[in-house]
Amino acid sequence: MPPIDSGDTAFLLVSAALVLFMTPGLALFYAGMGRSKNVLSITMQSFFAMGIVSVLWALLGYTLAFGHDIGGIIGGLEFVGLRGVNGTVFSGAPTIPHAVWVMYQGMFAIITPALITGAFAERLKFKAYVIFIALWTILVYSPLAHWVWGGGWLAKLGALDFAGGTVVHIASAAAALAAAIAVGRRKDLGKPDLQPHNLPMTLLGAGILWFGWFGFNAGSAIAANHVAGSAFMATHLAAASGMLGWIAVEWWQHGKPTTLGAASGAVAGLVGITPAAGFVDALPAMAIGLTVGVLCYFGVKLKSRFRFDDALDVVGVHGVGGTTGAILTGVFAGVVTNPTYRGLIAGNAAQLWPQIVGVIATIAFSFSVSFVLLKVIDRFVGLRVDDDAEERGLDLAEHAETGYVL
Amino acid sequence: MKKIEAIIKPHRLDEVKEALGALGITGMTAYDVKGFGRQKGHTEIYRGSEYTVDFVPKTKIELIVEDDLAPKVEQAIVDAARTGKIGDGKVFTFDCEGAVRIRTGERGSDAL
């Protein structure tokens, strides 16, 4: 068996567990923003991804992402069912066991489709959800992960994406936009009783996301080294600055700093720093967080202008934040711990080009495949619950349970 | 007998209960309600969107008293619930035609 580094392995084992923890964190973050009659439905749409995506990842998803490169587009089938993984290492992560790499990447595969669920919350049939995220994982996530991390064409083009700004955040946001359009608006959109039902839950979820994001970003160094340290620092500072940016503009615009604003700004900052985490120094990290915090505040208003019902603002936070982060990575990249990668300010203006190509390609691919998938699912099993179920709430209608018995 | 219903600010409930206790009232019913009067609702802000909430949380209390006690109860509620700001609520008095204590079968004011 090839030799491994015990420090790197220990760090990636912990990082994988941290990234898994983000998904129940996301469930709380989202569920608190919904109405009490849908709290279980929203939670389940994140939580169930830990079941279905994990199994799909082992059977097929991993090998399509990280099998040998076929034309820059997709991975080969040598790891179907994870055969041949144990006792080896992956070429892109030579100091840790292959099994740890599979699991670490699998946790990313879980949270990405879970992120999409915020767009169609409170109205999608559970059956449609299961089919959608299963197909999405295989047809959208695995190819995208291959393009960026599996030696595919975006990696060869030189696009910088440290921890998954395009693969995770832009891809999920583009799918979320497709879903918001394909599924349609909630019946109650615009009514006052659409307000969040449990913001303490949302804030706890945001805190768990922040905590788990250290595994997501620092772990993406795939080593316990200087790059991991700088990514950890950049991640934390961007989250903090994102919170300050959102709160500042909200306080100025509405006269009140809200708790949901603080949570949203922190998450926006984390989204924004994801592609840049291991490539930037502390001050640029704060600049990215602050910029993204402000832009996402305005980003969540896009949906009312364009009249799509992205219920929990996946587009406004992950789309706007992910895109801004990807571009700013091309601007600010350049840190002593990772000198190979340089952006505009470090004298490499050409880096902006692959960054923009990466964003556009990801949006176009994820949006179009997602939209077609949803239309096909609508044709065969239907996307929406009926009006009566939407009124009674999806907890009862879809799961035969009630979140709160008070 | 009279039935007194009062809609008050939730945080005045304890003061009202104590004031009525001082008058010798032996029981009452209280529950959380939502409603609006001249106070109207308020505005809440979520991710930059402003929601107007029309129904304001209030507490409603109900009790049945002897006729001669009713004006004192009415006044005690008014004094204890008043903050002087809009939204203090209202007190309503009705005639009550009958009462039975289920355990003993006592009727009328004996049942109070």
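Start with chain A as a whole. Its 406 residues would give a compact globule a radius of gyration near 22 Å; chain A has 20 Å, which agrees. This is a predicted model. Along the principal axes, the C-alpha atoms of chain A fill a box of roughly 60 × 50 × 35 Å.

Colour chain A by secondary structure. Now colour by burial. Buried residues account for 60% of the 406 in chain A.

Select residues 49–66 of chain A, helix H3. What span would a straight helix of 18 residues have at 1.5 Å a residue? It would reach 26 Å, but H3 of chain A spans only 20 Å between its end C-alpha atoms. Centre the view on Trp57(A). H3(A) has a kink of about 65° centred there.

Stay on H3(A) and show its side chains. Trp57(A) is one of its buried residues, and Val53(A), Leu56(A), Gly61(A) and Phe66(A) are also among them.

Finally, bring in chain B. Here 14 residues of chain A are in contact with nine residues of chain B. Select helix H9 (226–254) and helix H10 (259–273) of chain A: each supplies at least two residues of the side that touches chain B. The largest share, three residues, comes from H9(A). Colour that side of chain A by class: five residues are nonpolar, five polar and four charged.

Technical notes
Residues numbered from 1 in each chain as written. Chains lettered and ligands numbered in written order. Predicted model: local features only at pLDDT ≥ 70, side-chain atom pairs only at ≥ 80, totals over all residues. Contact = placed C-beta atoms within 7 Å. Helix = DSSP H or I, 4+ residues; strand = E, 2+ residues; numbered from the N terminus. Nonpolar A, V, L, I, M, F, W, Y, C, P; charged D, E, K, R; others polar. Rg over C-alpha atoms; globule rule 2.2 N^0.38 Å. Buried ≥ 20, exposed ≤ 12 C-beta atoms within 10 Å, placed from the backbone. Expected span 1.5 Å × (residues − 1). Bend = angle between axes of the 7 residues up to and from the residue.
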